[in-house]
Amino acid sequence: MSVLLSVHDLRAYYGQVQALHGLSFDLNEGSMTTLLGANGAGKTTTLRAICNMVRSTGAIQFEGKPLNGKSTENIVRLGIAHVPQGRGTFTTLTVEENLQLGAISRKDIKAISGDIERMYAHFPVLKQRHTQQAGTLSGGEQQMLAVARALMLRPRLMLLDEPSFGLAPLIVRDLFNILGKINREDKVSILVVEQNAQLALEIADKAYVIETGRIVMSGNAKEIANDESVRKSYLGY
Amino acid sequence: MSTIQETAAEAHPANIDVPSKKNMGLGRTASWAMLIVLALLPLFVRNFVIFQMTMLLIYAIAVLALNILTGGSGQFSLGQSAFYAIGAYTAAILIEHGGVNYVLTLPAAGIICFAVGFLFGFPALRLSGIYLALATFALAVAMPQLLKLGVIEHWTGGVQGLVVTKPDAPFGLPMSQDMWLYYFTLVVSLAIYIASVNLLRSRSGRAMMAIRDNEIAAAAMGVDLSIYKTLAFGVSAGITGVAGALGAIAVQFVAPDSYTFQLAIALFLGMVVGGVGWLPGSLAGAAFIVFVPNIAEGISKGLSGAFFGVLLFVVIYLVPHGARQGAIYAETLFNKLKRS
C-alpha cells in the first residue's frame with residue numbers, strides 16, 4: 001500500500017498560540033485512518049493545517065508532492081475534500097445548491113448533475129429534501145449533506161471533522177456505515193477526527209491518538225481498541 | 001496570512017439573516033405589475049414628482065448595489081457614498097470638461113468605480129463584520145474632503161462643485177427633460193436589476209452566498225475567498241457608481257458635501273428597510289429614504305428628525321425583515337383570496 005498523505009513535524013499556530021507541536025503521521029492509499037483525542041488536543045487544527053487554513057510549518061505531502069505554500073482552493077483541487085467541524089452547512093441555500101457548491105472547483109461541469117443523482121442514491125433523504133433550505137434540515141441530515149457535498153468533489157482523500165458531533169447514536173451508526181461503504185466502494189481514503197473513539201476504532205484501519213498537539217500513540221485500530229490501558233488513559237471508555 | 005487563515009483564527013462569521021435564493025427575485029405577476037406602475041405613473045403627475053421618482057430609482061440602484069455586497073457576499077459597507085461620489089464626479093467631469101455624451105458616462109463611471117471598489121476590497125479582506133463597516137465608514141468620511149483637494153480643483157470645481165447640463169429627449173420626442181430622464185433611468189435600473197438577479201443565481205453568485213453563509217466551509221469547497229469577496233466589492237461599487245452618475249445628471253449638480261457619510265447611512269438604512277438579500281426590496285428601501293423624511297417634515301418642521309426616527313423605529317419593530325416580510329404577508333393574503 002502506498003502512502004497517500006504524509007505529515008511530518010507539523011506545527012500550527014493561532015496567532016501567538018501554538019496548537020500543534022510537531023505532529024507526524026502517514027495515511028495509506030485506500031485506508032480509513034482516525035485521529036483520536038480529547039477536546040483541544042489539536043484534531044481540528046490538524047485537518048485545517050492540511051488544507052492550509054491555519055498558519056503552520058512542517059512537511060505535508062500528498063501523493064508525494066508537497067502541499068506547503070499552496071492555497072486552500074488549490075489544495076481542494078488536488079482532490080482533498082474537507083468536511084468542516086459543525087458541518088458547515090450553507091444554511092440559506094437549498095440542499096441541491098449545497099451539493100453544487102461541493103463541485104464548484106471542478107472543471108467537468110457536465111458530469112456534476114450525474115454525481116448529484118449518485119449522492120441521492122447514497123442518501124435518499126437528501127433527494128426528498130432537495131429544494132429545501134439546508135438550514136432547516138435536522139442535524140443528522142445536515143451531516144449527510146456535508147459528507148455528500150464533500151464527495152461531490154470526487155475526492156481522493158476526505159477529511160472528516162467529528163462527523164458524530166451532536167447526532168443521535170443510531171444516526172451516527174448509519175453515517176459510519178455509509179462512510180465505510182464509500183471508503184470501500186468508491187475508493188476514497190478517509191481521515192476522520194473523532195471524540196467517539198469506540199465507534200471510530202470499529203471502522204478505521206489505523207488510529208493515532210493526539211494529546212495537546214502531539215501524537216502519543218499510534219497503531220492498528222483493533223490493537224488500540226483492545227489495549228485496555230490505552231483506552232483508560234486516553235480514550236476514556 | 002491568507003484570508004482563510006484570518007477567518008479560521010477568528011471564526012465568528014457575521015450572521016446575516018437572508019431569504020432563500022428562491023425568493024431572491026419577485027414573482028412574475030408582481031414584477032409586471034410593478035413595472036407597469038413605474039412605466040405609467042409619470043404620465044399623470046407633475047414634473048417635480050417625476051424628478052422625485054427618478055431619484056427613487058437612482059437610490060434603488062444604489063441600495064441594490066449594497067444589497068449585492070451585504071445580502072450576497074455578507075460584507076458590510078458604510079462607505080457606499082464614496083463610490084456614489086466617484087460615479088457622480090466621473091459623469092460630471094466627462095460631460096462638462098470632456099463634452100462626452102451623458103449616456104457614455106454611465107459605463108465609464110461603472111468601470112472606474114468597479115476598479116476602485118475591487119482595489120478597496122483587498123484591504124477589506126483582512127476585516128470582517130463591524131471592523132469592515134468602520135473601515136468603509138472611514139472611506140465615506142474622507143471622500144468629501146478628498147474631492148475638495150486643491151490639486152484636482154480645476155477638474156472638480158473644488159468646494160463650488162460642478163453644474164451639469166440636463167439632457168434633452170432625443171429624436172425630437174415630445175416629452176419634458178424630466179420625463180425623458182425618468183424613462184432613461186427606468187431602463188438602466190431594469191437592466192441592472194435583471195443582471196443582478198442573474199448574477200446571484202449564477203455559479204459566482206452561489207460562491208458569494210456560500211461565503212456569506214459559512215466562510216470556512218466555502219473555503220473547504222475550494223471557493224477562492226479573496227477573489228469572490230473583492231469581486232463583490234467591485235460589482236457593488238461599480239453599480240453604485242452608475243447610480244451616482246445618474247444622480248449627477250438628474251440633480252444637474254455635483255458638490256463634495258452632497259456625498260457625505262449621511263448618504264452612506266441612508267443607503268444602509270434603505271437596504272435594511274427593504275430587506276437584506278432581497279433585491280426587489282431595494283425599491284421599497286429607496287422609497288423609504290426618499291419619501292419618509294418628507295413625511296416626517298410634514299408632521300413637524302422643527303422635530304422632523306425625531307419623527308423620522310419614530311417612523312423608522314415603527315418599521316423596524318413591525319417588520320424587522322423589511323419589505324420582504326411585507327411582501328410575504330401580501331403573497332399569503334393574495335393566495336388565500338385566490339383560493340376562496
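The model is predicted. In chain B, helix H4 (residues 80-96) crosses helix H5 (residues 102-124) at roughly 140°, and H4(B) crosses H11(B) at roughly 50°. Chain B also touches chain A, with 24 residues of chain B in contact with 28 residues of chain A.

**H4 against H5 in chain B**

- The axes of H4(B) and H5(B) come within 8 Å.
- Angles over 145 degrees would count as roughly antiparallel; at roughly 140°, H4(B) and H5(B) are therefore oblique to each other.
- The crossing of H4(B) and H5(B) has a right-handed sense.
- On the H4(B) side, the contact uses Phe83(B), Ile86(B), Gly87(B), Thr90(B), Ala91(B), Leu94(B) and Ile95(B).
- Facing them in H5(B) are Tyr102(B), Thr105(B), Ala108(B), Ala109(B), Ile112(B), Cys113(B), Val116(B) and Gly117(B).
- Sorted by class, this contact of H4(B) with H5(B) holds eleven nonpolar and four polar residues, with no charged residues.

**H5 of chain B: length and burial**

- H5(B) has 23 residues, which should span 33 Å at 1.5 Å a residue; the C-alpha atoms at its ends lie 32 Å apart, in agreement.
- Buried residues of H5(B) include Thr105(B), Ala109(B), Ile112(B), Cys113(B), Val116(B) and Gly117(B), and these residues also meet H4(B).
- Also buried in H5(B) are Leu106(B), Gly110(B), Phe114(B), Phe120(B), Gly121(B) and Ala124(B).
- The cover over the buried residues of H5(B) includes H4, helix H6 (129-147), helix H8 (177-201) and helix H11 (225-251) of chain B.

**H4 against H11 in chain B**

- The axes of H4(B) and H11(B) come within 6 Å.
- With a crossing angle of roughly 50°, H4(B) and H11(B) are therefore oblique to each other.
- The crossing of H4(B) and H11(B) is right-handed.
- H4(B) contributes Gln80(B), Phe83(B), Tyr84(B), Ala85(B), Ile86(B), Gly87(B), Ala88(B), Thr90(B), Ala91(B) and Ala92(B) to this contact.
- H11(B) contributes Ala237(B), Thr240(B), Gly241(B), Val242(B), Ala243(B), Gly244(B), Ala245(B), Gly247(B), Ala248(B) and Ile249(B).
- The contact of H4(B) with H11(B) divides into 13 nonpolar and seven polar residues, and no charged ones.

**H11 of chain B: length, burial and end**

- From first C-alpha to last, the 27 residues of H11(B) reach 38 Å, close to the 39 Å expected at 1.5 Å a residue.
- H11(B) is mostly covered, with 24 of its 27 residues buried.
- After H11(B) comes Gln252(B), which has a positive phi near 65°.

**Chain B against chain A**

- 24 residues of chain B are in contact with 28 residues of chain A.
- On the chain B side, the elements that give two or more residues are helix H1 (3-10), helix H9 (203-213) and helix H10 (215-220).
- H9(B) gives the most to this side, with six residues.
- By class, the chain B side has 14 nonpolar, five polar and five charged residues.

**Met119 of chain A**

- Met119(A) lies in helix H4 (residues 112-122) of chain A.
- Met119(A) counts as buried because it has 22 C-beta neighbours inside 10 Å, and 20 or more are needed.
- Apart from neighbours within four places in sequence, Met119(A) is in contact with Leu99(A), Leu126(A), Ala148(A), Leu151(A) and Met152(A).
- Met119(A) and Ile80(A) are separated by 39 residues in sequence and by 18 Å in space, C-alpha to C-alpha.

Definitions and conventions: Residues are numbered from 1 along each chain as its sequence is written. Chains are lettered from A and ligands numbered from 1 in the order in which they are written. This is a predicted model: local features need pLDDT of at least 70, side-chain atom pairs count only at pLDDT 80 or more; totals for chains, interfaces and linings use all residues. Axes are lines fitted to C-alpha atoms, for helices over the stretch in contact, and angles run from 0 to 180 degrees between N-to-C directions. Helices (H or I, at least four residues) and strands (E, at least two) are DSSP runs, numbered from the N terminus. Angles under 35 degrees count as roughly parallel, over 145 as roughly antiparallel, 65 to 115 as roughly perpendicular and the rest as oblique. A crossing is left-handed if the near helix is turned anticlockwise from the far one by less than a right angle, and right-handed if clockwise. Two residues are in contact if their C-beta atoms, placed from the backbone, lie within 7 Å. Ala, Val, Leu, Ile, Met, Phe, Trp, Tyr, Cys and Pro count as nonpolar, Asp, Glu, Lys and Arg as charged, and the others, Gly among them, as polar. The expected span of a helix is 1.5 Å times one less than its number of residues. A residue is buried if 20 or more other C-beta atoms lie within 10 Å of its own, exposed if 12 or fewer, and partly exposed in between; C-beta atoms are placed from the backbone.
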